[in-house]
Structure formats: C-alpha cells, structure tokens
Amino acid sequence: MIFPLKVLLSYAHEDEDLKKRLDVHLTSLKRSGKIKTWSDRMIVPGTEWNNTIKNELITADIILLLISADFLASEYIWKVEIVKAMERHSNHEAIVIPIFLRPCDWNDMPFSPIQGLPKDGIPVTEFSDREMAFLQIAQGIRRVVEKIETNF
C-alpha cells in the first residue's frame with residue numbers, strides 16, 4: 001500500500017456542505033500524509049467528468065459513500081459509483097465505508113451489511129452537535145488507516 005491513501009468521497013451535490021465539513025475533519029490525516037481526499041469538485045474544466053470519476057473509483061483505496069435520500073436517488077451514483085465501489089470492496093481492492101449524513105431508508109442497499117459511521121447508523125444531522133458526529137467519523141477513518149498501516 002502506498003501512502004497517502006486515496007480517499008474518494010461519493011456524495012450527492014445536495015449534501016455539498018456536509019461533505020465539505022467532513023473533509024475539514026479529515027485534515028489531520030491529510031496533514032500527516034496518511035490520506036488525500038478526492039471528490040468530483042476537483043475535476044479540471046475541459047476534462048471528461050465521467051471518465052475521471054470512473055478512474056478515481058478504480059484507484060481509490062477507501063471509498064466513502066455519503067448516504068442520504070438524495071444520494072440514493074441519484075441514478076449516476078446508483079448505476080456507476082455504488083456498483084464499482086461494491087465490486088472493489090468485494091474483491092478486497094478497496095474499503096467501502098458508508099457515512100450516514102441524513103436520515104433515509106438504506107437497509108436494503110448493497111452497502112447495508114458494511115459497518116458504517118457514525119456508529120449505530122445515526123445520521124450526522126440527528127446529532128445535537130454535528131461536530132461530534134464528524135469527530136466520530138474522522139476517528140473511525142483513522143482506525144481504518146492505522147489498520148492498513150499495520151498490515152502493510
């Protein structure tokens with residue numbers, strides 16, 4: 001495994017503010033050189049966005065699925081991102097972590113057997129202090145990164 005690990009944030013654009021806040025909470029892992037994050041907002045103008053996203057999906061070490069009703073309603077996320085993420089997770093090529101942002105019915109989704117964050121599947125927006133939810137998520141991702149480091 002080569003560090004920094006590539007962490008892809010798969011999300012619905014309706015959840016942009018929550019995605020940005022999560023990315024801020026991952027700063028210590030980024031500054032320590034353990035991870036670098038990527039999301040579709042980093043696509044350079046003039047680039048074919050579909051090919052870029054697919055390439056990022058096949059090269060990511062960790063794929064964070066930022067779960068909300070809008071995420072589940074997105075045809076592109078459903079047909080491309082979730083399919084590729086779950087395929088890579090099943091083949092032990094990447095680690096998929098569901099991140100529960102907003103309440104929605106995700107129990108029958110392909111990622112439902114995977115342990116997500118925050119613990120107990122409580123969405124970020126249901127916390128009285130969202131910063132505590134993001135801290136819990138960042139600490140969980142740190143544990144995954146440390147496990148990868150230990151096994152490296």
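Which residues of α1 are buried? They are Glu16, Leu18, Lys19, Leu22 and His25. Buried means under 20% relative accessible area, exposed over 50%, partly exposed in between, with a 1.4 Å probe and protein chains only. Helices (H or I, at least four residues) and strands (E, at least two) are DSSP runs, numbered from the N terminus.

A word on the model. It is predicted, so local features need pLDDT of at least 70 and side-chain atom pairs count only at pLDDT 80 or more, while totals for chains, interfaces and linings use all residues. Residues are numbered from 1 along each chain as its sequence is written, and side-chain values use heavy atoms, with hydrogens and water left out.

Back to α1. The cover over its buried residues includes β1, α2 (27-31), β3, β4 and α6.

Now the cores. A nonpolar core is a set of buried Ala, Val, Leu, Ile, Met, Phe, Trp, Tyr and Cys residues joined through side-chain atoms within 4.5 Å. The largest one has 25 residues, and Leu22, Ile62, Leu64, Ile99 and Ile141 touch the most other members. Two or more residues each come from β1 (5-10), α1 (16-25), β3 (62-67), β4 (95-100) and α6 (130-151). Helix α6 gives the largest share, eight residues. Apart from this core lies another, of 24 residues, including Leu8, Ile53, Ile82 and Ile114.

Next, Gln136. This residue sits in helix α6. A polar atom of the Gln136 side chain lies 2.6 Å from the backbone nitrogen of Lys119. Leaving aside neighbours within four places in sequence, Gln136 is in contact (heavy atoms within 4.5 Å) with Leu117, Pro118, Lys119 and Phe127.

Pro118 brings us to the backbone. Most residues other than glycine have a negative phi, and most peptide bonds are trans. Leu117 and Pro118 are joined by a cis peptide bond, with omega about -10°. Pro118 lies in the loop between β4 and α6. Phe3 to Pro4 is also a cis bond, omega near 5°. Pro4 is in the segment before β1.

What about phi? His92 is not a glycine, yet its phi is positive, about 60°. His92 belongs to the loop between α5 and β4. His92 is exposed, at 74% relative accessible area. Asp120, not a glycine either, has a positive phi of about 65°. Asp120 is in the loop between β4 and α6. At 66% relative accessibility, Asp120 is exposed.

Terms used. A polar contact is a pair of N or O atoms within 3.5 Å; within protein, one must be able to donate a hydrogen and the other to accept it, and residues adjacent in sequence count only if both atoms are side-chain atoms.
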